[in-house]
Amino acid sequence: MPNMKTPDSNSLTFISKNPNGSHCCFCFCFKDPPFLSSQTLSISIFDDHRNIFNNTSIRFSSLTSPSPSPSPSPSPGLQSPHETHNLDPPNVIDILEKRGLLESLTSDNLRSLASSTNKTLKVYCGFDPTAESLHLGNLLGIIVLSWFVRCGHQAVALIGGATARIGDPSGKSLERPELDLHTLDKNTLGIENTVSTILNSSSVAILNNYDWWKDFRLLDFLKQVGRFARIGTMIAKESVKKRLESEQGMSYTEFTYQLLQGYDFLYLFRNEGVNVQIGGSDQWGNITAGTELIRKILQPDVSDEAYGLTFPLLLKSDGTKFGKSEDGAIWLSPSMLSPYKFYQYFFSVPDADVIRFLRILTFLELEEVDELERDMKRPGYVPNTAQRRLAEEVTRFVHGEEGLNEALKATEALRPGAETKLDWRTIEAIAEDVPSCSLAYDQVVNLSLVDLSVSAGLVDSKSAARRMLKQGGLYLNNNRVDSESKRIEPKDIVDDKVLLLSAGKKNKVVVRIS
Ligand SMILES: Nc1ncnc2c1ncn2[C@@H]1O[C@H](COP(=O)(O)OP(=O)(O)OP(=O)(O)O)[C@@H](O)[C@H]1O
Ligand SMILES: N[C@@H](Cc1ccc(O)cc1)C(=O)O
């Protein structure tokens with residue numbers, strides 16, 4: 001809860017509780033008292049990912065004596081300034097519901113708990129390290145965690161170092177291939193990196209379930225957990241029912257998966273104070289395995305229950321799910337998909353998807369999204385305006401301001417006829433979208449541009465290159481070249497690594513110096 005002191009009319013001290021529980025103090029000094037003549041001063045504090053983690057407003061009773069509003073809202077990033085007089089903390093469940101991020105709750109009590117001022121929820125989402133990077137479908141879990149944090153709760157991301165060795169049968173028609181330990185370690189590192197950069201390591205705790213599973217003996221497990229798990233309930237889970245009907249059936253190992261995830265919840269509830277687990281709708285069976293075990297083994301009283309929440313699976317307009325198994329997965333790690341490609345994906349989503357995605361994948365005010373939706377139907381709407389907003393917001397959330405800038409620079413560099421100053425990263429980013437070739441330094445330096453255009457495959461013949469040049473359509477690193485005698489100089493090689501050749505507005509080739 002922000003706390004304000006107003007020692008004098010020209011300064012204001014603002015004490016804010018960070019998502020990790022620590023406090024920070026901001027002191028604002030106003031040089032120019034007339035600044036205070038506006039009735040309300042709104043203060044938002046952003047983290048370095050541009051997530052608001054605190055905002056408030058102060059109403060001024062007179063020009064010279066600012067007085068805090070009765071109970072400044074602790075609501076992080078949820079209200080426009082004129083709404084900040086609201087005394088109730090924002091209810092994360094209501095927000096998720098309005099944005100299309102709520103499928104099911106294990107109990108509606110969670111809704112009232114979420115708006116209680118004296119109850120901080122601690123919520124976890126698990127990710128099995130079955131690939132080197134998370135993908136767009138997994139981003140929903142991160143977004144829901146982030147909403148909890150923005151509403152003043154705490155978040156835990158759990159890496160399934162143990163569960164990935166078993167393989168979650170949920171939604172799978174075949175048993176997952178076993179992963180070797182080296183791959184698991186590499187995947188774990190990649191996922192930890194992604195989660196901590198997107199959510200900011202100070203607002204999420206990252207745990208790995210291998211830490212408590214590695215020393216758990218089979219006999220202890222059967223005694224402490226297995227005894228409380230009912231076979232009838234386990235068989236009735238969707239993930240099991242479906243697989244039992246399939247030709248391949250299901251292994252005993254996979255069958256136990258729900259108990260491992262169930263025990264994780266129990267462990268986190270008991271040892272870390274985690275009281276909510278979230279996941280995609282395919283996780284319902286595993287999540288309820290956890291709430292059932294907690295109820296049976298720990299018998300918490302009603303005021304201290306454990307809750308589950310699922311969100312709908314993110315689907316494309318053709319009804320297929322965003323996942324990792326299909327072609328062209330939208331990876332979150334920049335080493336698997338460049339911020340430029342990531343940005344381009346959102347910039348090109350169909351009009352039919354863009355508003356739904358803005359609600360689900362961004363933190364924009366819903367009023368702004370509704371306004372964009374109305375704009376799209378108005379005459380004169382500039383195509384892709386909504387997509388641009390979506391691409392900017394999601395790219396900034398996932399890749400930060402720097403990643404967004406990289407994406408924007410590369411987008412601009414690829415714009416037909418652009419004359420942007422290029423650096424190596426920008427050229428590499430667009431290299432995925434245009435033909436490229438590798439040539440040795442000695443093959444390039446001193447070669448005429450006309451010859452290089454042919455050997456790099458930009459044009460078919462020297463005469464075509466000359467024609468292009470005469471028409472003013474031959475570019476080196478986005479700069480038009482007029483002279484037929486132009487030879488490549490060392491300084492033309494961008495950052496000693498690459499060159500970009502263009503013929504006309506669209507035809508480009510990246511030349512890498514090997
Ligand atoms: N499209 C999606 N929308 C929302 N959540 C998703 C989506 N895809 C996966 N998830 C969530 O991320 C978690 C991890 O996904 P999981 O590894 O099971 O499948 P996947 O990555 O989609 O793999 P595959 O593409 O092989 O089906 C799941 O529990 C699921 O709830
Ligand atoms: N089962 C989840 C991952 C997970 C693992 C362990 C948990 O405790 C929770 C979730 C998935 O398939 O991705």
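1. In which helix is the place of Thr291? Thr291 belongs to helix H11, which covers residues 284–298. The model discussed in this note is predicted. Thr291 counts as buried because its relative accessibility is 13%, and buried means under 20%. A polar atom of the Thr291 side chain lies 3.1 Å from the backbone oxygen of Thr288.

2. The surroundings of ligand 1 deserve attention next. This ligand is surrounded by 19 residues, and the closest are His135, Asp282, Leu314, Lys324 and Ser325. By class, the shell around ligand 1 divides into 6 nonpolar, 8 polar and 5 charged residues. Helix H3, residues 136–150, provides the largest share of that shell, with 3 residues.

3. Polar atoms of the protein approach ligand 1 at several places. A nitrogen atom of ligand 1 is 2.6 Å from a polar backbone atom of Leu314. An oxygen atom of ligand 1 is 3.0 Å from a side-chain N or O atom of Arg176. For Gly280, the backbone is involved: one of its N or O atoms lies 3.0 Å from an oxygen atom of ligand 1. On its own, ligand 1 has 600 Å² of accessible area, and the protein covers 91% of this area. The space that ligand 1 takes is the largest pocket.

4. Which side chain has an N or O atom 2.7 Å from a nitrogen atom of ligand 2? It is the side chain of Tyr257. The side chain of Gln283 likewise places an N or O atom 2.9 Å from a nitrogen atom of ligand 2. At Tyr124, a side-chain N or O atom is 2.8 Å from an oxygen atom of ligand 2. Taken alone, ligand 2 exposes 340 Å², and the protein buries 89% of that area. Ligand 2 sits in the largest pocket.

5. Asn138 lies in helix H3. With a relative accessibility of 22%, Asn138 counts as partly exposed, because this class lies between the limits of 20% and 50%. Asn138 and Phe228 are 90 residues apart in sequence, and their C-alpha atoms are 31 Å apart in space.

6. Most residues other than glycine have a negative phi. The phi of Asn200, however, is positive, near 75°. Asn200 is placed in the loop between helix H4 (181–199) and strand S10 (204–208). Is Asn200 buried or exposed? Asn200 is buried, because its relative accessible area is 16%, and the limit for that class is under 20%.

7. Asp496 also has a positive phi, near 60°, and is a residue other than glycine. The loop between strand S15 (479–480) and strand S16 (498–503) contains Asp496. Asp496 counts as exposed because its relative accessibility is 65%, and exposed means over 50%.

How values were computed: Residues numbered from 1 in each chain as written. Chains lettered and ligands numbered in written order. Predicted model: local features only at pLDDT ≥ 70, side-chain atom pairs only at ≥ 80, totals over all residues. Heavy atoms only, no water. Near = heavy atom within 4 Å. Polar contact = N/O pair within 3.5 Å; in protein donor to acceptor, adjacent residues only side chain to side chain. Areas by Shrake-Rupley, 256 points an atom, 1.4 Å probe, with all protein chains shown as cover. 1 Å grid on protein atoms, 1.4 Å probe; cavity = no way out; pocket = protein on both sides within 12 Å on 5 of 7 lines; lining within 4 Å. Sits in = over half its atoms within 2 Å of the grid points. Helix = DSSP H or I, 4+ residues; strand = E, 2+ residues; numbered from the N terminus. Nonpolar A, V, L, I, M, F, W, Y, C, P; charged D, E, K, R; others polar. Buried < 20%, exposed > 50% of the residue type's maximum accessible area, 1.4 Å probe, protein only.
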